[in-house]
Amino acid sequence: MTTTTIMLSLPDRRRMVGVAVPFIAVAGSLAIGLLLVAASGKSVPEAIEAFLDGAFGTAYAIGASINRAVALALVGLGFILAFRANLTNVGGEGQIAVGGIVATAIGLWTPISDLPLGLAVVLPLLGGTLAGALWGGIAGVMKVRFGTNEVISTLLLGFIALLLVYWCVQSTTLLRQPQTSSATLPESLPIADAVKLPGLTGSPESPLHIGLVICLLLAGVTAVVLQRSTFGLRLRAIGLNELAARRAGMPGGILLVVALALAGAFGGLAGAIMLQGEQYYLKAGFSSGYGFDGLVVGLLSRGSTVGVLAGALFFGFLRSGGISMEIMAGVPAALTLVIQGLIVIAVAGSVILVERLERGGR
Amino acid sequence: MEETLAIFIASTLRLGMPLMLAASGELVSERAGVLNLSLEGMMLTAAFFGALGSWATGNPYLGVGCAVLASLCVAAVQAWLSVDLRANQLVVGIGFNILALGATTLLYRVIFGGLSREEIPGLPKLAVDGLSNLPFAGTAFFQQSVIVYFGLALMVLIWVILNHTSFGLAVRAVGDEPLSADKAGIPVARTRRLAVLVAGAMAGLAGAFISIADIHTFTENMTNGAGYLALAAVIFGGWNIGRTIAACLLFGAATALQFQLPAMGIVVPTAFLLMLPYLLALLAVAGVVGRLEPPTALTLPFRRGK
Amino acid sequence: MTQSTTAEPPLLALDGLGKRFGSLQALEGVSLGVRAGTVQCLLGENGAGKSTLCNLIFGVYGRSAGHMAFGGAPWAPASPAVALERGIAMVHQHFSLVPRMTVVENLMLGQVKGMLHRHEFGARIRDIAERFGFVLDPDAVVGELSVGERQRAEIVKCLMRDPRLLVLDEPTAVLPPGEIGALLDICRRVADSGRAVILVTHKLAEIAKVADRVAVLRGGRLVADEDMAGADMGTLVHAMVGREVKPLDVALAEPDDGVADQPAAAEATGPRRFALVCDGLSVEDRHGAVRLDNFTLEIRPGEIVGLAGVEGNGQSELGMVLAGLLRPTEGRFYMGDVELTHAGAAAVTAAGGGIVPEDRHAVACVTAMSVAENMYLNKLGQFTRFGLLHRRALHAAAETQMRTFDVRAAGPEVAFSGLSGGNQQKAVLARELTLDPLVALVAAQPTRGLDISAVEAVYRQIRAAARRGVGVLLISSELDELIAVADRIAVLYRGRLVGERPAAAGERAAIGALMSGQVMSDQAE
């Protein structure tokens with residue numbers, strides 16, 4: 001009976017499948033990425049070296065990668081919260097955008113620098129979070145009130161938000177810096193130093209900021225909410241069978257709105273952190289795909305908080321490494337998009353396979 | 001003034017054209033129950049391979065062929081994933097959009113190198129004899145690229161197919177009640193696959209229009225959300241071909257206005273005009289503009305038995 | 001014309017037919033001959049194997065044993081498509097029409113290639129309908145047709161294939177009484193045109209009007225097969241229900257002492273006069289059709305009121321309104337002294353309204369969640385501190401309750417979907433009956449699909465609740481159950497309360513007449 005000791009028990013094996021699929025998808029997509037590097041005539045070792053250098057090479061690189069991961073993780077956490085209620089939040093990009101707009105607006109409010117107790121940092125963060133919550137909440141209200149599919153509404157709201165950013169930085173009556181010449185860029189003024197997120201290490205070498213702490217705290221809270229709280233169970237019930245949940249007295253509509261508002265709040269916070277932690281001024285397209293990447297992270301995690309953190313770190317380092325690869329080895333950073341796209345498609349396509357394996361164990 | 005109006009109509013038609021092409025194809029797919037969020041990716045892929053084909057062969061018509069072929073490849077994989085593997089159509093669509101953006105940018109940099117902006121052989125504007133010189137209508141309607149006339153004919157064809165052929169009947173049935181369609185002997189999966197391919201072919205034409213007929217070059221992310229606009233138009237058009245095309249024209253007009261209004265001295269924020277289509281679509285799905293009902297089985301995979 | 005000579009071989013001959021699904025023997029040793037030009041009725045209770053038999057003939061499943069012959073040749077269709085091709089058509093219980101398309105479009109679906117010629121095809125539809133004595137508008141949108149009209153569209157769809165055998169699976173179950181006669185006429189005309197008709201039903205009254213021969217299935221076996229002319233209704237009932245009538249009767253007949261307790265229970269609840277009051281409830285659907293029409297009913301504490309009616313006469317809407325899931329367009333309802341008309345499901349629960357909904361899987365439970373979670377779905381707050389769910393306490397409580405209500409499962413943490421229908425229903429009952437306070441219980445079709453011991457358990461629990469002073473509204477389409485369990489029976493017809501009779505076996509005919517809409521309340525009382 002030695003085989004039985006080696007073989008995993010059935011539930012373990014099923015869980016393995018669930019974890020294995022994203023890993024296989026990631027590994028396969030990375031391999032295709034390397035093949036593409038080779039096919040484009042660039043040196044593979046050189047590209048790998050540039051990638052690793054950009055991702056892990058210096059304290060700066062690591063800090064920047066982790067900062068990227070923070071934004072992705074926040075969007076991903078929001079995604080899995082809403083997904084527990086069977087809601088797919090595709091609007092991360094727009095929620096980041098409105099979060100960034102409001103954080104900038106508050107951050108540029110002159111008296112803010114003089115506020116005590118770190119309020120100069122906290123108020124814009126809160127403002128961004130609330131703006132994101134509102135943006136997500138609109139989709140929730142539309143779903144409850146008019147039965148609008150949240151995928152369509154969050155997507156459309158996302159485009160509207162992106163154009164709102166554009167509008168804000170185009171118009172001097174909004175957030176555009178005073179126009180002194182025709183060469184003045186359509187950007188906001190930079191926020192004051194007091195509004196910027198404090199660094200974590202204290203060393204100027206590393207851009208790592210307290211966003212990481214906020215993110216880890218929220219990840220812990222999310223894990224507890226999803227696994228241990230009654231609210232998490234109610235979200236699950238409403239996601240699985242809305243009518244039965246409502247019959248059991250759960251406020252179905254409110255739960256759905258709250259779920260989407262929470263997802264939006266995480267996105268808005270991510271936007272505020274991106275702005276206060278790294279970018280410091282608002283410009284069109286500043287969300288640069290983090291919302292969609294965060295969605296991918298949430299999707300790959302299969303609802304697990306740890307999965308979100310792992311996925312966010314992976315994509316954070318992938319982005320940093322990709323940028324370095326472009327600069328140092330001449331391989332376009334778009335390669336990382338190819339890899340991401342392949343991962344999403346592979347994971348989505350294997351859902352049926354995974355379900356069959358998990359259910360049947362065969 | 002009349003001249004301005006004629007130019008406005010012409011540019012509305014020009015800007016609305018890729019939307020009309022893509023949306024009318026997507027409409028067929030959605031009526032069959034498959035939503036292609038990947039429309040944007042299909043168009044971008046087509047725009048790139050159209051430009052590449054036209055540049056490599058020197059023949060813009062072959063370029064259009066390449067564009068349609070490339071888009072059909074994307075559509076075929078989308079169909080396989082969402083119909084046969086029953087994958088989440090929305091997620092697959094997002095994946096394709098990321099992939100298409102990455103792949104076309106990558107290939108563009110590798111093949112065309114750096115920031116080359118070489119003009120590719122484009123499709124000629126087809127000045128219809130006798131009509132193009134008409135004082136008003138000539139400028140407004142009859143100085144368009146050949147793909148415009150071809151595309152308009154295809155839209156009429158799609159209307160005929162959807163409403164007056166057995167295939168159209170099958171498409172509507174599998175999009176509403178796949179179970180009943182299956183019982184009536186309609187091959188649900190095959191019908192849906194075909195419908196997605198129709199969307200792919202039309203998105204291919206749309207992409208080719210942008211790169212070969214309109215701009216005469218490829219630039220990174222050149223579709224810039226046109227695919228999403230086309231999706232919004234299908235929604236705003238209430239899954240009806242006439243209304244969808246009207247929605248595309250409306251969206252085209254909103255885009256055209258951003259160039260026209262400043263010329264006329266009217267100040268409206270560009271961002272607002274660009275936002276308008278999405279706002280309208282949002283209001284439409286919220287039911288503010290009449291109650292719109294999507295096909296009953298939209299985005300729902302079909303599986304026989306239970 | 002309907003007389004068939006014995007010399008002529010049957011159009012369809014079944015010989016020792018058997019079908020097994022896993023460990024379930026659905027059909028065994030069925031031998032039967034169906035002749036052209038006749039209506040063959042197939043009688044049996046739910047689960048007797050009628051649908052299985054039809055599906056074997058129509059090629060939905062393959063048989064496990066025996067032989068079939070059709071038109072003199074061996075018959076083993078690989079699929080319904082083959083069966084259709086070779087002359088057998090079937091009208092299923094669930095229609096396969098696309099509601100958003102017109103009748104003609106639905107009938108063309110899969111039948112024509114290329115361009116659609118709606119006019120010509122529509123004319124053919126009219127012709128066929130006319131030939132069999134009814135009217136059907138080819139250009140009507142199916143979603144806007146009545147159930148009867150949709151069924152006629154299905155029948156025309158079958159007849160267009162010019163079948164030699166037409167199978168109708170429970171065609172009358174979905175029809176309002178007024179349309180049943182017309183359907184039976186159509187069956188007769190189809191048979192008279194030289195085809196064979198198999199009509200599946202579990203209602204005796206129907207067969208007398210139309211059948212040439214009648215066969216009875218029970219527990220997957222053929223227990224009777226005779227000419228209608230010589231058949232005796234009593235014998236058929238006995239064949240259909242067989243020995244199983246006994247345990248059910250025992251289960252149903254227990255309540256007498258409960259009824260005796262009633263006044264005491266009512267007094268014990270004090271000043272409260274009614275447990276449940278419906279005052280002029282009306283529901284319109286989104287097309288503006290009236291589904292429930294000025295429904296008024298008062299139930300005293302300790303009383304069990306049965307609500308009889310053919311399905312689709314407003315019971316579902318009433319159930320949804322009382323569950324707090326659907327707002328009535330007019331009227332009000334109270335549980336105890338609390339008005340709940342627009343209060344919602346949570347308030348119904350808080351006011352002591354226990355609800356056992358008609359559609360268990362859609363409304364009562366979340367099958368992917370655990371047994372414990374489902375049993376306390378509406379009381380999760382009891383186990384919550386600082387927002388966190390105290391799972392150990394939840395499981396302990398659930399285990400106790402599973403013992404009390406005899407819910408059999410491997411444990412409180414297993415998925416609800418793994419339970420049998422009976423155990424699921426017992427768990428739902430446990431949840432609803434342990435509300436504190438419990439004022440009224442609304443149970444809709446609570447025994448549907450359950451085995452006999454579960455049925456017994458469900459009624460025991462309902463009776464016990466009534467004895468404790470709970471007012472019970474029992475909605476069921478099974479008249480026998482209502483007569484056995486309820487104190488009085490109200491009848492719903494086309495959304496209206498058309499009459500009320502005492503729950504006594506002797507009232508069966510009167511209630512049946514009310515259910516079929518033959519007598520309006522004012523005439524009956």
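These legends go with close-up views of a predicted model. Residue numbers start from 1 along each chain as its sequence is written, while chains are lettered from A and ligands numbered from 1 in the order in which they are written. Because this is a predicted model, local features need pLDDT of at least 70 and side-chain atom pairs count only at pLDDT 80 or more, whereas totals for chains, interfaces and linings use all residues.

**View 1. Confidence along chain B.** The average pLDDT (the predictor's confidence in each residue, from 0 to 100) is 86 for chain B, and 90% of the residues score at least 70. Helices (H or I, at least four residues) and strands (E, at least two) are DSSP runs, numbered from the N terminus.

**View 2. Helices α3 and α4 of chain B pack together.** Helix α3 (residues 60-84) of chain B packs on helix α4 (residues 89-112) of chain B at about 150 degrees, with the axes 10 Å apart. Axes here are lines fitted to C-alpha atoms, for helices over the stretch in contact, and angles run from 0 to 180 degrees between N-to-C directions. The two helices, α3(B) and α4(B), are therefore roughly antiparallel (angles over 145 degrees). From α3(B) come B:V74, B:Q78, B:L81 and B:S82, which meet B:Q89, B:V92 and B:F96 of α4(B); contact asks for C-beta atoms, placed from the backbone, within 7 Å. That α3(B)–α4(B) contact has four nonpolar residues, three polar and no charged. For these classes, Ala, Val, Leu, Ile, Met, Phe, Trp, Tyr, Cys and Pro count as nonpolar, Asp, Glu, Lys and Arg as charged, and the others, Gly among them, as polar.

**View 3. Chain B meets chain A.** Here 37 residues of chain B touch 35 residues of chain A. On the chain B side, α4, α10 (226-236) and α12 (270-285) each give two or more residues. The most come from α4(B), with 15 residues. By class, this side of chain B has 28 nonpolar, seven polar and two charged residues.

View 4. Strands β9 (residues 213-218) and β10 (residues 221-227) of chain C run antiparallel, joined by six bridges; strands pair if DSSP finds at least two bridges between them. C:R218 has C:R221 in β10(C) as its bridge partner. Two residues sit between the strands of this hairpin, and C:G219 takes a positive phi near 55 degrees.

Terms used. Angles under 35 degrees count as roughly parallel, over 145 as roughly antiparallel, 65 to 115 as roughly perpendicular and the rest as oblique. Two residues are in contact if their C-beta atoms, placed from the backbone, lie within 7 Å.
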